[in-house]
Amino acid sequence: MKDYLSAPMIVDFNITERCNLNCIYCYASANCLAYKRELSLTEIENILVQLANCNVQAIRISGGEPLIRKDFYDIIKICKRLNMFVCLNTNGTLIDYKIIKYMQDDCIKSIGISLDSSDPNVHNSLRGDKSAFSMTMNGINKMIEAELSDKLAVVLTLTNLNAEPEALLKYFSLLHSVGVKKVGIQYAISVGRADSLETSILSYDTWKTIAVWLFDKKEYLQNKYELEITVNITNESECKFELFYPFLELERHDLLSKVDGAVSENESEFISCQAGNCTIAINSL
């Protein structure tokens with residue numbers, strides 16, 4: 001019996017670097033401009049077939065904004081034909097009833113929609129579009145109305161504009177009021193567009209405050225707002241230092257038991273970067 005994976009568990013596939021928004025921290029530096037070179041549908045199909053032949057089971061489709069591609073649904077049909085588990089990451093502004101139908105037909109198993117604040121002005125500022133909040137909330141509401149809350153996770157990216165406990169409480173309250181059941185929290189990292197705008201990146205002291213607050217109050221927050229709250233860190237350094245250091249410094253070792261993977265016999269969970277271990281990423285160019 002093999003003691004290693006024969007294929008990545010998850011493939012992150014950025015099918016475009018185009019986007020209808022202009023987020024200040026975008027790791028892909030995506031924008032609305034057409035790129036001279038972008039993988040064609042035929043090239044994408046060839047890649048997906050190769051992945052399926054390698055026994056890859058799950059594809060996480062992202063961008064840019066994947067829904068901006070006119071052949072997006074052709075790509076989904078290929079994945080379905082290959083029996084691939086498809087997850088979709090989107091800014092939610094282009095959600096329509098066609099994608100709702102694909103979700104209902106189980107062609108897309110889960111969807112992550114980005115929403116960075118309950119305050120429209122903050123979200124719009126981070127996303128670079130004065131209509132971003134209303135368009136994204138419209139997409140979220142369509143998912144809820146279609147009774148697809150079990151397939152929906154709303155994703156919050158923490159920056160210096162939204163990383164305060166009071167702001168997070170209002171955010172959780174908004175999600176609860178519209179019927180969202182899952183929220184993933186991550187933070188902006190210094191790559192892509194954010195690399196030239198360091199002011200959007202959390203300081204260590206700010207992250208320390210938020211991380212400890214989140215895990216200390218996590219059970220209470222989940223019960224009060226009926227939310228499944230997940231904190232997604234970059235996992236690009238040993239031992240998940242982003243959480244271990246704040247807990248160690250503040251002598252809150254008890255919070256480690258609330259961190260997924262903090263206690264494990266599998267040392268691979270603490271490897272610095274997961275690329276080549278259980279995930280790979282494919283770009284669109």
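Two strands count as paired if DSSP finds at least two bridges between them. Helices (H or I, at least four residues) and strands (E, at least two) are DSSP runs, numbered from the N terminus. What you see here is a predicted model, where local features need pLDDT of at least 70, side-chain atom pairs count only at pLDDT 80 or more, and totals for chains, interfaces and linings use all residues. Residues are numbered from 1 along each chain as its sequence is written, and side-chain values use heavy atoms, with hydrogens and water left out.

**View 1. An open sheet of eight strands.** Reading across, the order is β7-β6-β5-β4-β3-β2-β1-β8, with parallel pairing. At the edges sit β7 (228-231) and β8 (279-282), each pairing on one side only. On average, neighbouring strands are turned by 20° against each other, direction ignored; such angles run from 0 to 180 degrees between N-to-C directions, with axes being lines fitted to C-alpha atoms, for helices over the stretch in contact.

**View 2. Strand β3 beside β4.** Residues 85-90 (β3) and 110-114 (β4) run parallel, joined by four bridges. Look for Leu88, which stands opposite Ile111 in β4.

**View 3. Two helices packed on the sheet.** Helix α1 (residues 41-53) touches β1 (10-14), β2 (58-62) and β8, and its direction makes about 175° with that of β1. Helix α2 (residues 72-81) touches β2 and β3, at about 175° to the direction of β2. Contact here means heavy atoms within 4.5 Å.

**View 4. Strand β1 and its partners β2 and β8.** Five bridges tie β1 to β2 in parallel, and Val11 stands opposite Ile59 in β2. With β8, β1 pairs in the parallel sense over four bridges; there, Phe13 stands opposite Ile282.
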